[in-house]
Amino acid sequence: MTTSTGRAQAIEGGAIDRRGFLSRAMLGTAGVIAASLVPRGFGSMGALAVEAGTPMSQGTPSRQKPSHEDFMRRAIALATQVPELPFGAVIARRATGEIVAEGWNRSSESPTLHGEIDGINRCAAAHRSIDWTGLDLYTTAEPCPMCQGAIEWAGIGTVYYGTSIPYLKERGWWQIDIRAEEVARRTPFRQTRIVGGILEAECNALFDAAPKGRFKMKDR
């Protein structure tokens with residue numbers, strides 16, 4: 001009687017242990033599946049939501065490289081610091097997605113301090129030995145001839161912009177009627193790539209909302 005009872009208890013205990021093992025295994029598997037559904041770079045991309053003027057992952061490579069749209073959103077955030085002249089720029093390493101410099105229009109301090117020039121100056125000051133050909137520049141508007149000329153002299157490999165020069169002209173903004181692609185084409189010692197239309201609607205909205213001022217002579 002004692003032996004039978006002991007065997008029954010052992011069998012029952014074994015069954016409980018097996019059920020416990022299966023439960024733990026199933027929970028562990030569910031945890032792995034749930035974790036796999038969360039984007040791997042989600043935590044590192046939290047810097048994208050920072051306030052305008054705060055560098056996004058500046059100096060620290062992200063686990064997952066941000067997208068072109070992510071960089072442009074950052075440029076838009078920078079541009080909102082000067083709503084009357086919403087030209088923001090971000091310079092990033094192409095290989096890692098690390099932001100190495102940022103800029104915005106500061107022409108109130110100097111007439112040549114457009115967003116791209118400001119970003120290039122900051123990059124040169126902070127990274128004296130940087131390989132410029134490995135960098136990309138994101139800007140809320142197509143670079144003017146002055147800015148594109150500076151980009152060519154620096155050697156930045158690719159330019160991504162949102163709003164085009166023709167759109168700015170149509171909306172009454174002062175613009176020199178020379179496209180960035182033409183400046184790049186006439187620079188035989190570089191092979192700069194120009195890509196437009198990144199978050200174009202969002203960038204256009206910045207310039208549409210800008211108040212009438214010195215460089216925006218009429219509203220349309």
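A polar contact is a pair of N or O atoms within 3.5 Å; within protein, one atom must be able to donate a hydrogen and the other to accept it, and residues adjacent in sequence count only if both atoms are side-chain atoms. The model is predicted: local features need pLDDT of at least 70, side-chain atom pairs count only at pLDDT 80 or more, and totals for chains, interfaces and linings use all residues. Residues are numbered from 1 along each chain as its sequence is written, and side-chain values use heavy atoms, with hydrogens and water left out.

**View 1. Asn105 and its polar partner.** The side chain of Asn105 makes a polar contact with the side chain of Ser107, at 2.7 Å. Asn105 sits in the loop between β2 (99-104) and α3 (115-126). Helices (H or I, at least four residues) and strands (E, at least two) are DSSP runs, numbered from the N terminus. Asn105 counts as buried because its relative accessibility is 7%. Buried means under 20% relative accessible area, exposed over 50%, and partly exposed in between (1.4 Å probe, protein chains only). Beyond its neighbours within four places in sequence, Asn105 is in contact (heavy atoms within 4.5 Å) with Val82, Leu85, Phe87, Leu113, His114 and Gly115.

**View 2. Thr140 in strand β3.** Thr140 belongs to β3, residues 135-141. Its relative accessibility is 0%, so Thr140 counts as buried. A polar atom of the Thr140 side chain lies 2.9 Å from the backbone oxygen of Pro86. Setting aside neighbours within four places in sequence, the residues in contact with Thr140 include Met72, Phe87, Gly162 and Phe207. Leu78 is 62 residues away from Thr140 along the chain, yet their C-alpha atoms are separated by 9.4 Å.

**View 3. Helix α2.** This helix has twelve residues, 68-79. The expected span is 1.5 Å times one less than the number of residues. That gives 16 Å for α2, and its end C-alpha atoms are 16 Å apart, so the two agree. Nine of the twelve residues are buried, among them Phe71, Met72, Ile76 and Leu78. The cover over these buried residues includes β1 (88-93), β2, β3, β4 (158-163) and α7 (200-209).

**View 4. Two nonpolar cores.** A nonpolar core is a set of buried Ala, Val, Leu, Ile, Met, Phe, Trp, Tyr and Cys residues joined through side-chain atoms within 4.5 Å. The largest has 24 residues, and Met72, Phe87, Val90, Trp173 and Phe207 have the most contacts inside it. At least two residues of this core come from each of α2, β1, β2, β3 and α7. The largest share, six residues, is from α2. A second, separate core of 17 residues includes Ile120, Cys123, Leu135 and Ile151.

**View 5. The five-stranded sheet.** The strands of this open sheet run in the order β2-β1-β3-β4-β5, with mixed pairing. Two strands pair if DSSP finds at least two bridges between them. The edge strands, β2 and β5 (193-195), each pair on one side only. Neighbouring strands are turned by 15° against each other on average, direction ignored. β4 and β5 pair in the parallel sense over three bridges; Thr158 has Arg193 in β5 as its bridge partner.

**View 6. Helices on the sheet.** Axes are lines fitted to C-alpha atoms, for helices over the stretch in contact, and angles run from 0 to 180 degrees between N-to-C directions. α2 packs on the sheet and touches β1, β2, β3 and β4; its direction makes about 140° with that of β1. α3 lies across β1, β2 and β3, and runs at about 140° to β2.
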